[in-house]
Amino acid sequence: MHGMQEVLGLVGSSISDLLEGYRTGRVTPKEVVDTIIDVSSKMTSNPIWITYPDITNVQPYLDRLEGSDPNSLPLWGIPFAVKDNIDVEGMPTTAACPAFAYQPDTSAFVVQQLVNAGAIPVGKTNLDQFATGLVGVRSPYGVPVNPDMPDLVPGGSSSGSAIALACSLVSFSLGTDTAGSGRIPAGFNRLTGVKPTRGLLSTSGVVPACRSLDCVSIFTRSTADAALVTAAAAVFDSDDPFARPNDPSNALKTYGLWSESLTLAVIAPDQLAFFGDAAYAEAYNRTLGQLVDQGVEIQTIDFSPFVKAAEQLYEGPWVTERFIAMADVLEQTPDVVWPVTRQIVAGGQTRTAAEVYHSIYELAELRSQCLAAIKSCDALLTPTAGSHFSLADLEADPMGPNQNLGHYTNYMNLLDFCGLAIPGLDTETGQPFGISLVGDKFQDVRLMAIGAKLEDILHGNGLLAEPTGAGDVGDFSDLAQVDIAVCGAHMAGLPLNFQLTSRGAVFVTATQSSAQYRLFALEGGPPKRPGMVRDRAGGKTIELEIWRLPAEYFASFVNEVPSPLGIGLVETQTGKHVLGFLCEQAGLAGATEITDLGGWRAYLATANR
């Protein structure tokens, strides 16, 4: 079929592009996996992988997809990498310590959720040993590097996961984030890094670092991809004592575009720290300037409470959790632990219970101060890192650069905040520079919506383009996005919603039709579906959701719509006409009218009683 570069191009684009490649028959999962294996085998001098992609390990996941429809699962055939402190059935877990290695019987809960959604774990990636570090070089397996920046640290501890994605070997990857390990590597490699609310993603089957603070993180190339993967992964795990049910206001499947005015808190200029890196300081100021030029309002805040909280992670008693996680190895075979890691963690032995409680009290007070500082803003924006250090910098000072990298990240889990790292504007010499959005717990989808807007402002992703109106329903050549009104199984959280989200569609708004439609529960299924017909005389308002779909995927989406349903023009309660689902009259035979319930969700609630 296609050459290696063409396959890698699809893997290295967006998840939506690869899914469309599958749907159109342009490529198959087997071709994608074979290419990943082939390319990885030629990159052994760059130790990205600890367990390399291998057909023996991957074949069961390919077999699972055999004969199924690419439209059947939201991540059908999407290859991903897994940080090697997260269990994958059939692959050893090492935490970058060969003497610690074990063979898990099952995959980590979060990995299994992604597999259930159709994704393919292709290998295990290198990391700072026991996930202790933000530099990405503390591994006996070697230092994974971005081929475009071989002299610079990759960022850690999830270094291999970030580099695998940066090299287009996967479409997304899993890391972990206790102190910034899911954000620093994103910032250094032009990636999007999700540091979710603590407990939103299960940590069952994850080697602990600081168990009460640990988060599984996600690396993607955009907030749209991040929302798609996070929504598939964020299933509540009742067997994880640190898991927390998601807040209803944080419904990840309603990821949309931030359409309101936007006010961001930013750090007071005299409190910014770039550690002598003038290029990073300039990139930050230029990034902020472009946002302001495009209408984003900023408010400066006092960042000192955040810094005080960050200091608690390693200078306070929380390092004891790292010691607990590694105690057996440290006591039985201490020489197998990376020297710098051993030095850091050893301090956890001497902390007292009194120190822990004092820290808890102080953090509670600091959390209140930090929330007060940003309460009048939609989110906090900071640099992801103050400088991008070189391998030579780290060799000269093994501790200092790592400590500095935590300046903008270490506080987040201690304060129970969530975060999203996205690319900012590169430095003048083309070096990646990243920014991070910060919000309170369970504001993940809010940060993604803001991130989508910032992506568009900074990188021109076209996400904010408005359709030009109804016009000719068959001509979308001039549109970047198409708005579609859905009234049934394609709504957020319902069985067919992934047919939109897997194509990069984003939620715009919940609304109602004008008062001239009737709704019916059609025969057939699963899944059960409604049919909406226009009746100017006897109609009523019907609950709708508007989703915005990249125009290039509109045709393949419409091709999935079965008779008697079709796409026509639907009038909303504001009088605007938007493309949406309508039903042929002939399809109503045997259907049950549910117009008086006002919408499909109300009908489902009634039917499930």
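At 52% relative accessibility, Thr-106 counts as exposed, where exposed means over 50% relative accessible area, buried under 20% and partly exposed in between, with a 1.4 Å probe and protein chains only. The model is a predicted one, in which local features need pLDDT of at least 70 and side-chain atom pairs count only at pLDDT 80 or more, while totals for chains, interfaces and linings use all residues. Residues are numbered from 1 along each chain as its sequence is written, and side-chain values use heavy atoms, with hydrogens and water left out.

Thr-106 is found in the loop between β2 (79-83) and α5; helices (H or I, at least four residues) and strands (E, at least two) are DSSP runs, numbered from the N terminus. Not counting residues up to four places away in sequence, Thr-106 touches Asp-87 and Glu-89, contact meaning heavy atoms within 4.5 Å. Thr-106 and Leu-604 are 498 residues apart in sequence, and their C-alpha atoms are 35 Å apart in space.

**Helix α4**

Which residues of α4 (residues 55-65) are buried? They are Val-58, Tyr-61, Leu-62 and Leu-65. Seen down the axis of α4, these buried residues fall within an arc of 105 degrees, so they line one face of the helix; the arc is that of the directions from the helix axis to the C-beta atoms. Their cover includes α3 (29-41), α5 (109-116) and β3 (120-125). At the N-terminal end, Asp-54 caps α4, with a side-chain oxygen 2.8 Å from the backbone nitrogen of Thr-56. Following α4 comes Gly-67, whose phi is positive, near 80 degrees.

**Packing of α9 and α17**

The axes of helix α9 (residues 278-293) and helix α17 (residues 444-459) come within 10 Å and cross at roughly 105 degrees, the axes being lines fitted to C-alpha atoms over the stretch in contact, with angles from 0 to 180 degrees between N-to-C directions. That makes α9 roughly perpendicular to α17, a term that covers angles of 65 to 115 degrees. In this contact, Thr-287, Gln-290 and Leu-291 of α9 meet Leu-454, Ile-457 and Leu-458 of α17.

Most residues other than glycine have a negative phi, and most peptide bonds are trans.

| Site | Backbone feature | Value |
|---|---|---|
| Gly-156 to Ser-157 | cis peptide bond | omega about 0 degrees |
| Ser-563 to Pro-564 | cis peptide bond | omega near 15 degrees |
| Phe-130 | positive phi, not a glycine | about 55 degrees |
| Arg-190 | positive phi, not a glycine | about 60 degrees |

Ser-157 lies in the loop between β3 and α6 (159-166) and, at 0% relative accessibility, counts as buried. The side chains of Ser-157 and Lys-83 are joined by a polar contact of 2.6 Å, that is, a pair of N or O atoms within 3.5 Å, of which, within protein, one must be able to donate a hydrogen and the other to accept it, and residues adjacent in sequence count only if both atoms are side-chain atoms. Leaving aside neighbours within four places in sequence, the contacts of Ser-157 include Asn-126, Asp-128, Thr-176 and Ser-181.

Phe-130 is also placed in the loop between β3 and α6, and its 4% relative accessibility makes Phe-130 buried. Arg-190, by contrast, counts as partly exposed at 38% relative accessibility and sits in the loop between α7 (184-188) and β5 (192-195). Pro-564 is found in the loop between α19 (554-559) and β17 (565-571).

Notes: Angles under 35 degrees count as roughly parallel, over 145 as roughly antiparallel, 65 to 115 as roughly perpendicular and the rest as oblique.
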